Amino acid sequence: TNIRKGRFYILGIFFVWFIVSTIFAAQMTPPTKPDDWLDDDHYVVIGYNALKEEFDAGEALSILVHLVWGVKGLDKSGIDDSWDPEDYGEVTYDNNFDISSTSSQQYMYNLCLDLRTDKYKDLVKDNKVECWIENFKDFVEKEKNSTFPVESNFLGLVEEFLGNEFYGSYTRIKQHVGLFNGRLKFAMFHITAIGDHDAPQSEMEPIWDKWEDLADDINATAPAGMNKSFQTSRFWLNFPTEAAFFRNAMTGVLIAGSVSFVILLVSTMNIILSAFAILIIGLIILSVMAIMKFKDWDFAIAESIAVVVLIGFSVDYVVHLCHAYVESQTKDRHSRTQDALAKMGGSILGGGATTFLNGCVLFFCTLIFFRKFAWIVTSTVVFALLWSLVFLPAIFHLIGPQEQVGDLRVYVNKLRAWLKERQNKTVKYKTSKKILTKWFTEESCPESPSMFASLVVVT
């Protein structure tokens, strides 16, 4: 009764919140900073920051880029299970790759030196470039007392170099070159890049773009057999993964929302109530996303998963109230709303309370990921109860369907009646046509003109 009397005030208040939540939710973006997993005062974070800021942690906290020659890619056609992490596929090699010429050897050596100059100070960190060709040059000049670049027996010298414990062991262990069956299949440089390995997409993608441009510039000036290099790093996987989380979260919302609408339609058999329910679910998601923005969260892993899970949480509160409304024996909207609240209001409130208390337990977790879920679960319950038990009844009191308005069963019955009528007409038509055909083929016709005319009309 109170909701009925104050329905316009309730709708006004919720409309204001809708505007506010829309503004904040629209500001949610993919991560703009590294996702935190532990508090700043946790000993793991303190140790990590000390390694990063006060010591040279080397490759462990840096972006390691590989500049590769001789590899074309991976052949995945023979993979039976695409989700098997151990089955990468077969490596395909560039048969045109050739470094045996003196010009190619000199080019690779000059490139190594060039990467350490100020020309690439925005890309290369502290001039850290690991070039196997330098060690090979030292091996040729100091161990073999020969000249570099090598004019003959290049592959033989490379094999000797890799077997030498002083000059070639590091190259062999790091697999900077691949010598198989007397042929040099690939070669690479290991370069420490500028940037944090855990940087978000907004910072990592521009770095990746610069390295892509560098690889293109190298190929443009490289001699034949050396002009198909590429750059790669395992750290490049992070930013497309973040973008995929954001993109798939939106796709998941659309899919889950569509499936929920179908389920609501089947459970209530009322198109108007199903539309109301989907509207409420969308408003709940919008409200929770606003809370995420209030907390200064980005659309990271936890948030992307939560947005899809929210639909499952939200639909539970709405569907029971809508089903109770449609099953009410009364006809007018006000009585139906009161019946629905009387029958299901207490159960919905009790279910929400238990879920809320369960979510509160997550606030005591160490990992920030689970504490985020605590906020998401508890705020979802609060907003679901408010939108379902306050806003939705106000809508019911204002424009809720009465009697059989929006009831799909009415339209299904009408369709059945129409189909049955069409079936009966078809039977009459076929019967009349059969009789007329028999008369005309036997060169006889009915004696009564009125009977013939009625048969023609039916036909």
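Is cysteine 360 buried, exposed or partly exposed, and what is the relative accessibility of cysteine 360? Cysteine 360 comes out as partly exposed, at 22% relative accessibility; here buried means under 20% relative accessible area, exposed over 50%, and partly exposed in between, with a 1.4 Å probe and protein chains only. The model is predicted, so local features need pLDDT of at least 70 and side-chain atom pairs count only at pLDDT 80 or more, while totals for chains, interfaces and linings use all residues. Residues are numbered from 1 along each chain as its sequence is written, and side-chain values use heavy atoms, with hydrogens and water left out.

Staying with the cysteines, the sulfur of cysteine 360 has its closest cysteine sulfur in cysteine 365, and at 12 Å that is too far for a bond. Cysteine 365 is accordingly in no disulfide, and with 24% relative accessibility it counts as partly exposed. The structure does hold 1 disulfide, a term that stands for a pair of cysteine sulfur atoms within 2.5 Å. It joins cysteine 112 to cysteine 131, with an S to S distance of 2.0 Å. The torsion about that S-S bond is about 100°, so the disulfide is right-handed. Cysteine 112 belongs to helix α4 (residues 102–115) and cysteine 131 to strand β4 (residues 124–131), so the link ties together parts 19 residues apart in sequence. Helices (H or I, at least four residues) and strands (E, at least two) are DSSP runs, numbered from the N terminus. Both cysteine 112 and cysteine 131 are buried.

Next, the rings. There are 24 aromatic pairs in the structure, counted when rings of Phe, Tyr and Trp (its six-membered ring) have centres within 6.5 Å; planes under 30 degrees apart count as stacked, over 60 as edge-to-face and the rest as tilted. One of the pairs is tryptophan 37 with phenylalanine 369: the centres are 5.7 Å apart and the planes at 15°, so this one is stacked. Tryptophan 37 sits in the loop between α2 (7–25) and α3 (43–53), and phenylalanine 369 in helix α13 (residues 368–399), so the pair ties together parts that are 332 residues apart in sequence. Tryptophan 37 is partly exposed at 39% relative accessibility, whereas phenylalanine 369 is buried, with a relative accessible area of 17%. Phenylalanine 180 and phenylalanine 186 make a tilted pair, because their ring centres are 6.3 Å apart and their planes at 50°. Of these two, phenylalanine 180 is partly exposed at 37% relative accessibility, and phenylalanine 186 is buried at 11% relative accessible area. Elsewhere, one aromatic cluster is formed by Tyr109, Trp132, Phe136, Phe139, Phe148, Phe154, Phe161, Phe166 and Tyr167. A charge turns up over a ring too: the charged end of lysine 372 sits over the ring of tryptophan 297, 5.4 Å from its centre. That label requires NZ of Lys or CZ of Arg within 6 Å of the ring centre and within 35 degrees of the ring normal.

Now for helix geometry. Helix α12 (residues 333–361) has 29 residues and should span 42 Å at 1.5 Å a residue; its end C-alpha atoms are 40 Å apart, which agrees. The expected span is 1.5 Å times one less than the number of residues. α12 also bends by about 50° at methionine 344, the bend being the angle between axes fitted to the seven residues ending at a residue and the seven starting there. Buried residues of α12 include Arg336, Ala340, Gly345 and Ile348. Helix α11 (residues 301–327), with 27 residues, reaches 40 Å from its first C-alpha to its last, close to the 39 Å expected, and α11 has a kink of about 30° centred on valine 308.

Phenylalanine 148 and proline 149 are joined by a cis peptide bond, with omega about 5°; proline 149 lies in the loop between α5 (132–143) and α6 (154–163). Asparagine 153, found in the loop between α5 and α6, has a positive phi of about 55° although it is not a glycine, and asparagine 153 is exposed at 52% relative accessibility. Aspartate 296, in the loop between α10 (271–294) and α11, likewise has a positive phi, about 60°, and is partly exposed at 49% relative accessibility.
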